[in-house]
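User: I have a chain open here and want to go through the fold. Can you take me through it?

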Amino acid sequence: ISKNKSYKHKHIQNDGKRWVTIYVRSKQNYRRADLQGTNCHRVIIDLFRSLEVRIITSYRTFKPQENITAREKFEIQLNLVKNAMSKNTIFLGDFNIDYAKKFDITYSNKHLFDSFDNILSHLGLFQHVNFATWQRLVNGSLKESYLDHIYTNNPTLFSNIQSVCPIFGDHLLVIIEFLTTQENENITWKRDWRFYNPEILSR
């Protein structure tokens, strides 16, 4: 985050630890959409641009706080996404499933892609990330996966996708460039006559 820009951050609703935070530049006109549920590791905001854009951030946890399986938790998250979809939606985050293995029937997390397709396939979502976003050396061998996904139901929302290697962590920072422009706020000046006093005014 650039030092010469100020940002606001919003946390998810969570009974325990906070797993997901979204930073919004202070000049960006937006509102929070309270559709994320509790303990569901997501933040949903609407950006007011030339098109209103909904951003749904998500983190797929390995260990749900409730006494349910990781797949059951993922399906709860996906159903929340389905109910929160708008005309122009970007659904993104750390999914902890390797998109490069989506069609590999031997992949250990193939059942999670099955849940994704069963719940969201009718929405026409397009996955934009086409490069590995996670890398780690394991016993001297480089392992990499497409763990961070960006889906849209309107691929014309942005034109460019790139990545930056951070100074810490094993995930790349994935960056997208909006084609839409920020909606300018209309500022209106009004005189307040509620405390009008002719004597004070004439002094």
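Analyst: Two strands count as paired if DSSP finds at least two bridges between them. This is a predicted model.

User: What order do the six strands of the open sheet come in?

Analyst: The order is S3-S4-S5-S6-S10-S7, and the pairing is mixed.

User: Which are the edge strands?

Analyst: Strand S3 (30-32) and strand S7 (126-127), each of which pairs on one side only.

User: And how many bridges join S5 to S6?

Analyst: Six bridges link S5 (residues 52-59) and S6 (residues 89-94), and these two strands run parallel. Within that pair, Ser 58 has Gly 93 in S6 as its bridge partner.

User: Helices now. At what angle do H1 and H2 pack?

Analyst: About 25°, with the axes 10 Å apart; H1 covers residues 70-84 and H2 covers residues 110-120. Angles under 35 degrees count as roughly parallel, so H1 and H2 are roughly parallel to each other. Their crossing is right-handed.

User: Which residues meet there?

Analyst: From H1, the residues include Phe 74, Leu 78 and Val 81; from H2, Leu 112, Phe 116 and Ile 119 are among them. By class, the contact has seven nonpolar, three polar and four charged residues.

User: Where is confidence lowest, and where is it highest?

Analyst: The lowest is in strand S1 (residues 7-11), with a mean pLDDT of 46, and the highest is in H2, at 97. Over residues 1-12 the pLDDT is below 50, though this stretch has 37 contacts in the model beyond near neighbours in sequence. Where pLDDT is low, the predicted coordinates should not be read in detail.

User: What is the mean for the chain?

Analyst: The mean pLDDT is 83, and 85% of residues reach 70 or more.

How values were computed. Residues are numbered from 1 along each chain as its sequence is written. This is a predicted model: local features need pLDDT of at least 70, side-chain atom pairs count only at pLDDT 80 or more; totals for chains, interfaces and linings use all residues. Side-chain values use heavy atoms; hydrogens and water are left out. Axes are lines fitted to C-alpha atoms, for helices over the stretch in contact, and angles run from 0 to 180 degrees between N-to-C directions. Helices (H or I, at least four residues) and strands (E, at least two) are DSSP runs, numbered from the N terminus. Angles under 35 degrees count as roughly parallel, over 145 as roughly antiparallel, 65 to 115 as roughly perpendicular and the rest as oblique. A crossing is left-handed if the near helix is turned anticlockwise from the far one by less than a right angle, and right-handed if clockwise. Contact means heavy atoms within 4.5 Å. Ala, Val, Leu, Ile, Met, Phe, Trp, Tyr, Cys and Pro count as nonpolar, Asp, Glu, Lys and Arg as charged, and the others, Gly among them, as polar. pLDDT is the predictor's confidence in each residue, from 0 to 100.
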